[in-house]
Amino acid sequence: MRFLKFFENAPFRLYLGIALVALFVLVGVILPWFAPSDPLTWYTAPRNQNPSATYLLGTTSLGQDIFWLLTWALRNSLILGLTVAFFSTVIGVFLGLAAGYAGGWVDRVLSFLMDALLCIPTLPILILMAALFGGQLALPIIGIALALFNWPYPARQVRAVALTMREREFINVAWFSGESSVRILVRHIFPYIAGWSAANFINTVLVGISTESALAVIGLSSAQQATLGTMIYWAINYQALLAERYIWVGAPVVAIVLMFIGLFLVSSGLSMQSAARRMSV
Amino acid sequence: MITVDTVTVGYGTTAFVKAVDAVTLTINDNEILGIAGESGSGKSTLMRAIYGDFSTGLRIAGGTVTGRFEDERTGVVTEAQSRDFGKLWWDQISYIPQGSMSVLNPLMRVEKQVVDGLPKREREGDRAALRARIAKFLEGFGLHESVLDAYPHQLSGGMRQRVLVAIAAFVNPRLILADEPTTALDVVVQKKILLMMVEIQRRLRNSLVLVSHDLGVHYQITDRLAVMHRGKIVEMGPTAEIFANPKHEYTQTLIASLPRIDGERREARA
Amino acid sequence: MRLLRYIAGRLVVYLLVVVFGLTVLFFVPRLGPTDPIEAMLAKVASQGAYMDASQVDRLRESLADTFGLSGTLLEQYWAFIKRILLTGDFGPSLSMYPTPVMELIMNALPWTFGLLLTSTLIAWVLGNFVGLLSGWKPEGTSSRVMEGIAICLYPIPYYILALVLSILFSYVWKIFPLTTTIRGAPWSWDLVTSILWNSFLPGASIVIVVFGWWVISVKAQTTAIKEEEFVRYARLKGLGDGRILTHYVLPNAILPQITFLALQIGLMFNGSLITEILFDYPGLGLLIYSAVLQGDFNLLMGTISLSVIAVATATMVIDLIYPLIDPRIRHR
């Protein structure tokens, strides 16, 4: 129940964000199972339909149902974002703790690595990879690359917390009372960084989805999978704008905007709450 | 001269929390009045009410604080209620805060922070002349001119406090309020600053109100002492008398809890 | 002395970062399943360019050189780093043969920097202004509304906003040009207005997002600084709200933004690349994109190396500026 206690007196934006994100997770995780047919396949529906009871958001000029296409795109984008965030956070927390806790040359090497990775722009590297690997990147490769470039964000934060923790009284007490390092980490330090890490996790989901979409919008992400970005790319590529079929472009755009606002509200709400709680400790 | 007449001060509008309860007191010209009491006794709130600092929900619920200031240079007499004292800040009234690390703007040189807030009459003339006057004034308190070019973090705690005293005194105010000006300083530095304040008061012949929880400080420089406890003044009189013969039980415990005070009380004025 | 040591230390780190970034670039082509040179030759052939056997061989050699594929791995690596760092030579562009890649980059860089710098600056000024005012009175209605707007703007990626702006103002209401075409004689008034007109939408997409961020961050800063003792002291000295805001709160709110800016430069750069591509804006992003489309690997390696170096340099410059601005570090 310590988990629930975290949400006591939480800021309003946290709830709003959670509600928004929950809505998208619901749409992206559950609905795709109910798709009447693979929405990627062309001509499974009549072309260029306007929104109606059968086709909630209308259809594309390629005869795809935009609503179901959107749910699939959402699912793939979410899977990518969550995977990137998961691995970045795991690597980041582990290496951040190692750096802050071990100190010395381990810290120096890891800190340099973090700073260096932070000032290498991710997107050009991904573009380079896409160009070299046959014009498009498969989603798993994008995921791995993004995780490798995004772990320094959580790592820096965790390192900073671990550094101050090392100086705290109760850590010393635990240390001198003979608790093992691992136990100290798990029992005393980890609870402190959990809130920050959660905020960072959500933020990385956002960055992951955003970067893949950026790549996709210019046609360098996977063409085999629908993501929010590739959906936009297809729409532009098949002249949805000239044909004034704005819903085709608009649906993924609105989805990205709303989902990102939700993710941002959750992540900033979590860090506000962590800050408030750290004060009160 | 300030007249505080059965004043009740507190915080909040819907749920009023009383901090000062029907206090009556007079601050005479040419005296150092001490206000003692532990934290939560209402002494800081009383000081804010006298200064006219009604921010963060502070308000007077009853009674009046009236000031009558006579400018010796012009002979002009100003009378006002404390809620209108804002116009007189850094003119007739000034304030010495506790010289903590963050009391001065960390990104502004000391000179600018001295000049900021000076009344028009002090600011007339060119910058160089003003700087020279400030430098000369500071020198009187053992502060070198280079202090003016320093940033706050470059000053020691004692220097910072002396700068704050000098800033407050430079405008020749009729009333100076000092809020725990020597807390968190070591005894030697503390003594220097107290002497500096006495010297200023003697020269300006104005009123100095010293708020401190430290009875030792009051013993050293105040003429009269008011002891506050739970929002009320429980004892008031000449400092020497109170120390020699404390009447109220609370004052007795306060004085008994002091470390032994040896040596003569410094007679500030002859 | 301490400052000099700091600068020297920062420069060493900068060099190491650049070398590290180039190292990553060096290994990326070697991780791939395909031989980049053959892939590239195939691409060039598919573009319909006719080349005889000796030309192909020369091209292959030049490519091997670009990627540093001759000699042992260590020799390749050393040659690659040395060539980029010491000579800045990326060879000739393959799609616009024989224009040197460096020349193309130098033509594109002013556009990218001009766009990013101008829009960041505008957003910064506006964001500070609004953030400061809404942080000063955080409970006011207009302050809450402003924060709400900022929270809705900030999480939007640049390219999405760019897309929305171009749909709204180029397709739906045909106000601004869809793609960038700069006209006018050099140094003429026509040229200036043409540049401004064409830069408006790409610039606006950056301004709006960055503005959202500054409002959020400056508001938070201001709300905290307002409670500082030096602000209270300034108020009790009788200083007016205006002077307190501009001379006490503002400088203290701006300082921490600088370190933040250093962290964000990479992300901002990423965003501007895509914005440029979407608007056909003739900067580094468009150059990278055309290199990808035309399989111009010399140009690709060049533009991407330069992106890494540019971001690292910008980060370093900000790091070096910081102690010059903060007196607590400058005068110790």
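**Close-ups of a predicted three-chain model**

**View 1. Four strands of chain B line up as an open sheet in the order E2-E1-E4-E5, with antiparallel pairing.** Strand E2 (17-27) and strand E5 (77-81) of chain B sit at the edges with a single partner strand each, so one side of each has no neighbour in the sheet. Going from one strand to the next, the twist averages 15 degrees. Keep in mind that this is a predicted model, here and in every view below.

**View 2. Strand E1 (residues 2-11) of chain B meets E2(B) in the antiparallel sense over seven bridges.** B:Ile2 stands opposite B:Ile27 in E2(B), and B:Tyr11 has B:Val17 of E2(B) as its bridge partner.

View 3. Which residue of E4(B) stands opposite B:Thr3? It's another threonine, B:Thr66.

**View 4. Chain B has another open sheet, built from six strands in the order E6-E7-E8-E3-E9-E10.** Here the pairing is mixed. Strand E6 (93-96) and strand E10 (232-238) of chain B are the edge strands, and each pairs on one side only. The twist averages 15 degrees from one strand to the next. Helix H9 (residues 249-256) of chain B packs on this sheet, where it touches strand E9 (224-229) and E10 of chain B. The direction of helix H9 of chain B makes about 105 degrees with that of E9(B).

View 5. For a landmark, pick out B:Tyr95, which stands opposite B:Leu177 in E7(B).

**View 6. The largest cavity holds about 110 Å³ of space.** It's one of five cavities of 30 Å³ or more that turn up in a search of the whole structure. There are 14 lining residues, and the closest to the centre are A:Ile120, A:Thr122, A:Tyr153, C:Leu267 and C:Asn270. Chain A gives two or more residues to the lining from each of helix H4 (104-118), helix H6 (139-150) and helix H9 (181-217), and chain C does likewise from helix H10 (241-279).

**View 7. Two pairs of chains touch, and the pair with the most contacts is A and C.** Chain A and chain B, on the other hand, do not touch. Their nearest C-alpha atoms are 19 Å apart.

**View 8. In chain A, an unreviewed UniProt entry annotates "transmembrane region" over residues 12-35, 79-103, 123-149, 189-209, 215-234 and 246-270.** Two of these spans are worth a zoom. Residues 12-35 of chain A are 75% helix and 0% strand, with end C-alpha atoms 35 Å apart. Residues 246-270 of chain A come out as 100% helix and 0% strand, and the end C-alpha atoms of that span lie 35 Å apart.

**View 9. Chain C has 13 helices and zero strands.** Taken along the principal axes, the C-alpha atoms of chain C fill a box of roughly 85 × 60 × 40 Å. The unreviewed UniProt entry for this chain lists "transmembrane region" at residues 12-31, 111-136, 156-176, 196-216 and 299-322. Over residues 156-176, chain C is 71% helix and 0% strand, and the end C-alpha atoms are 21 Å apart. Over residues 299-322, chain C is 100% helix and 0% strand, with the end C-alpha atoms 34 Å apart.

Methods: Residues numbered from 1 in each chain as written. Chains lettered and ligands numbered in written order. Predicted model: local features only at pLDDT ≥ 70, side-chain atom pairs only at ≥ 80, totals over all residues. Heavy atoms only, no water. UniProt positions renumbered as here; feature names shortened; annotations may be inferred. Pairing = 2+ DSSP bridges. Axes fitted to C-alpha atoms, helices over the stretch in contact; angles between N-to-C directions. Contact = heavy atoms within 4.5 Å. 1 Å grid on protein atoms, 1.4 Å probe; cavity = no way out; pocket = protein on both sides within 12 Å on 5 of 7 lines; lining within 4 Å. Points joined across faces, edges and corners; volume = space filled by probe spheres on them.
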